[in-house]
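Hello,

Here is the structure we talked about handing over.

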Amino acid sequence: MAALRRLLRRLLPSSLFGRLALLLSVAALASHGLALTMLFQLGPPPDLRMEPPPAAAPLMRPVSKPFIEFHRQPPPPRPPEGAVLGLPGVWLDIGVRLAALVVAAWIGARWLSAPIRRLACAAKALGQDIDHPPLPEVGPSECRDASRLFNQMQSQIRQQLNESDRFVAAVSHDLRTPLTRLRLRAEALGDCAQKHAFQHDIVQMDQMITATLDYLRGTAQEEPLVQLDVQSLVECLADDQLAVGHEVSVGGAAAPLPAQLSALRRCIGNLVDNAIRYGGAAHIQLLDSAEQLCIEVHDRGPGLPESELGKVLAPFYRFELPRYGQRGPVGRDIGVGLGLSIAHDIARRHQGTLLLRNGETAGLVASLQLPRQPA
């Protein structure tokens, strides 16, 4: 069987155009051959049909003249060449030819769709994992060329990401070195007020640098999925915020969910920090179902205009409310515009969605929807 496959592979043309042309030619020849075979089996054509000889006259019995004249009459006309089989034969001929063409069209459609489907699956896998194995370079010449170009694109993207990681690591080291020196010099200040102000600015700069570098490095590092107790995770985040004096409450219940622990903790933590920064308090509501888990984070802020609900998910985009100016409602800085963007990217990595809407009375609601069975 393997030898026969290798032989057929050698006999087939290398291009998809040649294979389709060969397939249609074989289908046309096969349909004509089958149709002629069926016609000959059901009945010979009129030209080959033998007329029965006339019956011999009896030897001992005189033949009358009317009888001789009757046998001398011309034979009946032959039926036309297309009427040997009649109407059923015509339909049989059409059916045989049509069936052969349908089979050829089905095989040709599979030849056309298989490489496209394989390329689509590889593109989807590449979007989820840049280190996915390369696409096999098999099939007709056009498919092999497309697979080779796709693999070259994947290699170039992987190389650019590696260079970006090295750049981020170098920038992180270069930025944290002067921050460390500033922190040491601030400790040596005698004025307590100036010392506190310097330390506050240094902590803020450190947080901004950390958020920016983490975003450039990637919102969620390669991390395996685990069966995560989301309710315990949310309650731990709420307890941490309560320990530093922030008002955070939790409602509802949730069953364990397949997720990345560190990434999901950061996603929910960013939503809670955003609610505290702009609303002064946060309420986490868990809405569980058989298909998905919905985690809603409510705040008490003024909300956002409808036109800004989608824009604030973009990186480095900040909407500054006029009455707050440059600072949030609780006296905290509004950040660099990466919290919601990182949370949005983590939600997409879990094949979920992050939607923003204004509350019924006031405030903003961030709804994180995660599927129960991610693909």
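Met1 has a relative accessibility of 70%, so it counts as exposed (exposed is over 50% relative accessible area, buried under 20%, partly exposed in between, with a 1.4 Å probe and protein chains only). Met1 sits in the segment before α1 (2–11); helices are DSSP runs of H or I with at least four residues, strands runs of E with at least two, numbered from the N terminus.

This is a predicted model, in which local features need pLDDT of at least 70 and side-chain atom pairs pLDDT 80 or more, while totals for chains, interfaces and linings use all residues. Residues are numbered from 1 along each chain as its sequence is written, and side-chain values use heavy atoms, without hydrogens and water.

Helices

Helix α8 (residues 261–279) is largely enclosed by the rest of the structure, because 14 of its 19 residues are buried. Gly280 follows α8 and has a positive phi, near 85°.

In helix α9 (residues 339–349), eight of the eleven residues are buried, including His344 and Asp345. Gln351 comes after α9, again with a positive phi, near 60°.

Strands

Strand β5 (residues 292–299) is mostly covered, with six of its eight residues buried. Strands count as paired if DSSP finds at least two bridges between them. β4 (residues 281–288) runs antiparallel to β5, joined by seven bridges, and a hairpin of three residues connects β4 to β5. Ile284 is opposite Val297 of β5. β5 also pairs with β7 (residues 364–371), antiparallel and over seven bridges; there Gln292 faces Pro371.

Regards
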